[in-house]
Amino acid sequence: MNRRPAAGRFAGPRHDDRRRSFPALAPREAPDGRFAATWWGNAWVEALEDTALDPARLARGKAYAGRGHVDAITVTPGRVVAYVHGTRPRPYRTEIRLRTLGDDGWERFLDEVAARPEHIAALLDKDVPHALEAVTGLLPAPGDLVPDCSCPDNGFPCKHAAALCYQSARLLDEDPFVLFLMRGRGEQEILAALTHRNAARSAAETTASAPPMATIPARIALATTPPAGRALPPLPPPLPVPAHPGRPPVYPPDRDAPDPLALDLLATEAAARAHTFLTTGHDPVAALTPWQDAVRLAAAHPGSGLTASTRALYRDLAYALDRTPTDLARAVAAWRQGGSAGLAVLEEPWDPPAGPFDRARPALLAADFPSFRPWRNRLSTRSLQLRFGRDGLWYGYESDADREDWWPRGTPDADPVGALTDLLGR
């Protein structure tokens with residue numbers, strides 16, 4: 001798929017990869033009292049709370065953060081700075097300092113990430129694998145965060161520094177590369193280093209695993225007539241097809257190159273399609289419409305949940321096809337539920353034969369499910385729905401009561417009772 005916005009996303013002047021500024025975050029009341037949603041964001045919060053000498057100042061700092069008292073945040077290696085509003089009209093300049101990771105620590109981090117492709121995929125998806133906890137000095141520890149503020153309060157930390165820490169945890173949730181920048185290296189610098197390691201590793205694996213190949217000199221292979229008194233030798237057999245698709249370099253080394261995620265998806269997609277065609281003679285994508293192909297690409301995106309990079313992918317693919325990101329997210333759920341058949345069930349109502357469809361309602365009633373109202377290939381209650389596919393399977397859907405906002409759920413089943421039981425987790 002071509003993604004129209006991707007080509008120009010990094011257009012314009014080069015930026016300083018070791019300095020990032022983030023606009024003030026909107027006020028937010030965390031229902032459970034926790035500011036961080038990720039394990040690495042919680043590690044940041046725990047380092048703050050384990051160091052604090054006064055729980056009351058922490059509580060006031062959390063309240064300041066929740067009410068949006070922290071202005072724009074600037075992150076550079078070893079430092080997080082923002083102006084924080086307190087009881088006086090003029091905000092206070094507040095910063096958090098922390099140690100940067102040394103060269104040996106970065107080497108261990110990069111080696112750990114490059115050793116496993118799923119780690120690279122996770123970082124592309126703005127997720128941090130738990131295995132990286134083992135890299136000493138990456139995550140903050142108690143005493144690692146040193147607050148400083150222009151206010152007259154000598155607390156450690158004062159409520160303004162605590163507020164900045166809590167808001168910083170929200171930045172880390174959204175993009176773990178902010179944590180890496182705090183530790184000393186920018187995103188593009190890390191991606192370029194991983195590119196080099198990935199290419200070196202792939203080359204070493206290829207050299208180690210490649211069997212010796214029969215060859216003939218090119219001048220003989222391209223000759224139109226055989227040498228005097230001799231016949232042209234036969235060409236070597238075709239190269240053997242590898243057991244799995246190759247792994248392309250993951251990141252572009254140039255920070256002004258297009259979106260690394262887009263390139264990674266397209267390169268991986270091309271390798272998988274080529275491998276399938278070589279082994280089966282069939283291109284599994286050729287018959288898909290652009291919309292179906294966009295849904296398939298988004299559904300194959302690594303990771304779970306709508307993280308920042310996933311939202312960007314959905315936005316760009318949807319824009320390219322004049323759809324909304326919600327349309328694409330719903331279609332992705334249908335594709336993950338049942339592939340192209342599941343997408344057809346989502347988008348194409350039809351009139352099924354009477355037999356299997358009419359037997360479904362009494363079977364559901366006998367299993368103590370509520371009464372379903374029929375419409376074409378669908379059976380619905382206020383919040384549950386079953387759709388009968390052309391493949392003879394039942395697909396489960398859910399919606400908020402009386403909203404008609406149906407989303408695919410559960411696993412398709414030839415038995416409507418089984419499909420609904422899977423959906424409800426009975």
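**Close-up views of a predicted model**

**View 1. Ala65 sits in helix H2 (residues 55-66).** Helices (H or I, at least four residues) and strands (E, at least two) are DSSP runs, numbered from the N terminus. This is a predicted model, where local features need pLDDT of at least 70, side-chain atom pairs count only at pLDDT 80 or more, and totals for chains, interfaces and linings use all residues. Residues are numbered from 1 along each chain as its sequence is written, and side-chain values use heavy atoms, with hydrogens and water left out. Ala65 counts as buried because its relative accessibility is 0%. Buried means under 20% relative accessible area, exposed over 50%, and partly exposed in between (1.4 Å probe, protein chains only). Leaving aside residues up to four places away in sequence, Ala65 touches Phe35, Ala163, Tyr166 and Gln167. Contact means heavy atoms within 4.5 Å. Ala65 and Leu164 are 99 residues apart in sequence, yet their C-alpha atoms are 7.0 Å apart in space.

**View 2. His275 belongs to helix H9 (residues 260-280).** With 13% relative accessibility, His275 counts as buried. Its contacts are Val241, Pro242, Ala243, His244 and Pro245, not counting residues up to four places away in sequence.

**View 3. Helices H10 (residues 290-299) and H12 (residues 325-347) cross at roughly 110°.** Their axes come within 9 Å. Axes are lines fitted to C-alpha atoms, for helices over the stretch in contact, and angles run from 0 to 180 degrees between N-to-C directions. H10 and H12 are therefore roughly perpendicular to each other. From H10, the contact uses Trp291, Gln292, Ala294, Val295, Arg296, Ala298 and Ala299. From H12, it uses Asp327, Leu328, Ala331, Val332, Trp335, Arg336, Leu343 and Glu347. By class, this contact of H10 with H12 has ten nonpolar, one polar and four charged residues. Ala, Val, Leu, Ile, Met, Phe, Trp, Tyr, Cys and Pro count as nonpolar, Asp, Glu, Lys and Arg as charged, and the others, Gly among them, as polar.

**View 4. Helix H13 meets helix H14 (residues 416-424) at roughly 50°.** The two axes come within 9 Å. That angle makes H13 oblique to H14. Angles under 35 degrees count as roughly parallel, over 145 as roughly antiparallel, 65 to 115 as roughly perpendicular and the rest as oblique. Ala360, Ala363 and Leu364 of H13 make the contact with Pro416, Val417 and Leu420 of H14. This contact has six nonpolar, no polar and no charged residues. Ala366 is also in H13 (residues 354-366). Ala366 counts as exposed, at 65% relative accessibility. Ala366 and Val417 are 51 residues apart in sequence and 9.5 Å apart in space, C-alpha to C-alpha.

**View 5. The largest cavity holds about 40 Å³ of space.** The structure has two cavities of 30 Å³ or more. A cavity is a set of points, on a 1 Å grid over the protein atoms alone, where a 1.4 Å probe fits but cannot get out; lining residues have an atom within 4 Å of a point. Grid points are joined across faces, edges and corners, and a volume is the space filled by probe spheres set on the points. Leu48, Thr51, Ile96, Leu145, Val146, Pro147, Phe156, Pro157 and Cys165 line the largest cavity. Helix H1 (39-51) and strand E5 (146-149) each supply at least two residues of this lining. The lining has eight nonpolar, one polar and no charged residues.

Key
On a 1 Å grid over the protein atoms alone, a cavity is a set of points where a 1.4 Å probe fits but cannot get out, and a pocket is an open set with protein on both sides within 12 Å along at least five of seven lines; lining residues have an atom within 4 Å of a point.
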